Amino acid sequence: MGFLSTFLGILGFGFGILFGLLVGFFLFIYSEPKDVEDPVIRPLHELDSSALHEILPEIPLWVKNPDYDRVDWLNKFISDMWPYLDKAICSMIRSMAQPIFAEYIGQYQIKEIEFKTLNLGTLPPVIYGLKVFETNEKELVMEPAIRWAGNPNIVLGLKLLSLEITAQLVDLQIFAAPRIALKPLVPTFPCFASIVVSLMEKPHVDFGIKILGGDIMSIPGLYRFVQETIKKQVAILYLWPNTLEIPVLDASTVAIKKPVGILHVNVIRAKKLLKMDIVGSSDPYVKLKLTGDNLPAKKTTIKKNNLNPEWHEKFKLIVKHPQSQVLRLEVYDWDKVGAHDVLGMQLVPLKLLPPHETKEFKLELLKNTNNNSPQNHRRRGHVEVELTFVPFREDSAKFSELSHAYERKESGVNTASDNEVVAGAGLLSVVVQGAEDVEGERFNNPYALVLFRGERKKTKMMRGTRDPIWDEEFQFMLEEPPLHEKIHIEVMSKRRGISFLSKESLGHVEINLDDVVYNGRINEKYHLINSKNGVIHVEIGWRTI
């Protein structure tokens, strides 16, 4: 009896396995994914207390956190645009996935991969709050809290040998807190050059995958493994400080040219210049200027009544683009009355100058830059100059160490010493961005004065405003780092027309330059002394050659 029971049990187990495999095969071949149905939405007043407690964590951040703003208008915009965004995003996904699928066709006996159905459903993402940050940089930074509990209908078909397998993505939920920066802000539409995105915390991604009508994410351990893998991979790519940069404008059209070095010019002499004066010879001097530079031209002294002058005068010019800039040299005959006569000119492209190498040029003077001009056939003499291009040291601007510098500043302990500072000549650049809440007793036409080492420079005057924006840069070439020195910046106001009380001080500030030398750059707002609420925004940088 026991033997018969054992035999029947083994026989039944064998038939059961065969029957189960047969049923599974038919379900595998003939099962079709179900269309995703819209969820049932009920108003809050129909829910009981237990249901309300369950949804309390879903209360928008603008209710719980005053730093976040309510953006119903933006959610309304996204909701109205969602049918069109759905089609556009799905079309983009198809175009991006097609070459990826093509790589696998023919491998592992795969004959075909395609989306059977692809749409993102009727429920758009919702922004639960938006935080906007104010920074001193030329950028707009915001942090939206995004949640998407969508009902997408995504079905992927895979043809393997003679079998067709379908996988359906269901119950997709994505919660993310990205930081979006629009920078740098530029005066070219859409007014920012790129979008920089990073995640402030690991995103929450939840979904199900149905194969043969069953959710394979219900397999013990698989759901947790997939969750952790997704979070880890996303964190490696986009979790702050890692970023995703999306270019918006061509870099060449919005690039802000910063100084990259100094051109040392030694004007030695000129010979056999033209005689321009009726009585006497000529009174020559040389004017030199770099193309693409808005700074005033440099001038040598005037050598009276001399056709073979000797100068040996040295100048320093700021170089922003050595591959395209050209040094323009013009020799003039000084006249006491009327315009000065041009004796000749010549051009020297900076790309001919190897860094740190002094080159001497003997330049034949021309009337103009047109080589075919008959006026250039006349001999006008020549000028001799020595040129040396000295680029800035890469380690002089320590932008990557700004965070450590600010920590030292806030703690009141400065660990750097004078010996750690790179010695030598360099360029001190001062950018006066603007001011806020500057108000005069008699008039409001503010401008800024920058005073340093006896040099006095000023911005343009802004008429009738308490919040001027200048965004003007001033540069000082120094022989040594400005340690233990201060720069004086004062906001003034000027009355229109002639008056005995034509000027008025709206406040001033003195900035210690030690932090600039140690850190390479500062970008701060300072409260103005002798001003009630006035603030001035200044950016100062130091670069060593």
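This is a predicted model: local features need pLDDT of at least 70, side-chain atom pairs count only at pLDDT 80 or more; totals for chains, interfaces and linings use all residues.
Guide: Residues are numbered from 1 along each chain as its sequence is written, and side-chain values use heavy atoms, with hydrogens and water left out.

Visitor: What does the secondary structure of the chain come to?
Guide: Eight helices and 26 strands. Helices (H or I, at least four residues) and strands (E, at least two) are DSSP runs, numbered from the N terminus.

Visitor: Why are F101 and F115 called a tilted aromatic pair?
Guide: Rings of Phe, Tyr and Trp (its six-membered ring) pair if their centres lie within 6.5 Å; planes under 30 degrees apart count as stacked, over 60 as edge-to-face and the rest as tilted. F101 and F115 are 5.5 Å apart, centre to centre, with 50 degrees between the planes, so the pair is tilted. The pair links distant parts of the chain: F101 is in helix 4 (residues 72-104), F115 in strand 1 (residues 110-119), 14 residues apart.

Visitor: Why does F115 count as buried?
Guide: Buried means under 20% relative accessible area, exposed over 50%, partly exposed in between (1.4 Å probe, protein chains only). F115 has 17% relative accessibility, so it is buried. F101 is buried too, with a relative accessible area of 17%.

Visitor: What makes the pair of Y285 and Y332 stacked?
Guide: The planes are at 15 degrees and the ring centres 5.6 Å apart, so the pair is stacked. Y285 lies in strand 12 (residues 284-290) and Y332 in strand 15 (residues 326-333), so the pair ties together parts 47 residues apart in sequence. Y285 is buried, with a relative accessible area of 6%. Y332 is buried at 13%.

Visitor: How do you know that R147 lies over the face of F175?
Guide: A charge sits over a ring if NZ of Lys or CZ of Arg is within 6 Å of the ring centre and within 35 degrees of the ring normal. R147 lies over the face of F175, at 4.9 Å from the ring centre. R179 lies over the face of F133, at 5.1 Å from the ring centre.

Visitor: Why do R269 and E310 form a salt bridge?
Guide: A salt bridge is a side-chain nitrogen of Lys or Arg within 4 Å of a carboxyl oxygen of Asp or Glu. For R269 and E310, the distance from N to O is 2.9 Å, so the pair is a salt bridge. The pair links distant parts of the chain: R269 is in strand 11 (residues 261-271), E310 in strand 14 (residues 310-319), 41 residues apart. E310 is partly exposed, with a relative accessible area of 37%.

Visitor: Which residue forms a salt bridge with E480?
Guide: R453, the closest N and O atoms being 3.0 Å apart. E480 lies in the loop between strand 22 (469-478) and strand 23 (486-494), and R453 in the loop between strand 20 (446-452) and strand 21 (455-458), so the pair ties together parts 27 residues apart in sequence. E480 counts as partly exposed at 36% relative accessibility, and R453 at 39%.

Visitor: Does E472 count as buried or exposed?
Guide: E472 is buried, with a relative accessible area of 18%. The side chains of E472 and K460 meet in a salt bridge of 3.2 Å, N to O. K460 counts as partly exposed, at 41% relative accessibility.
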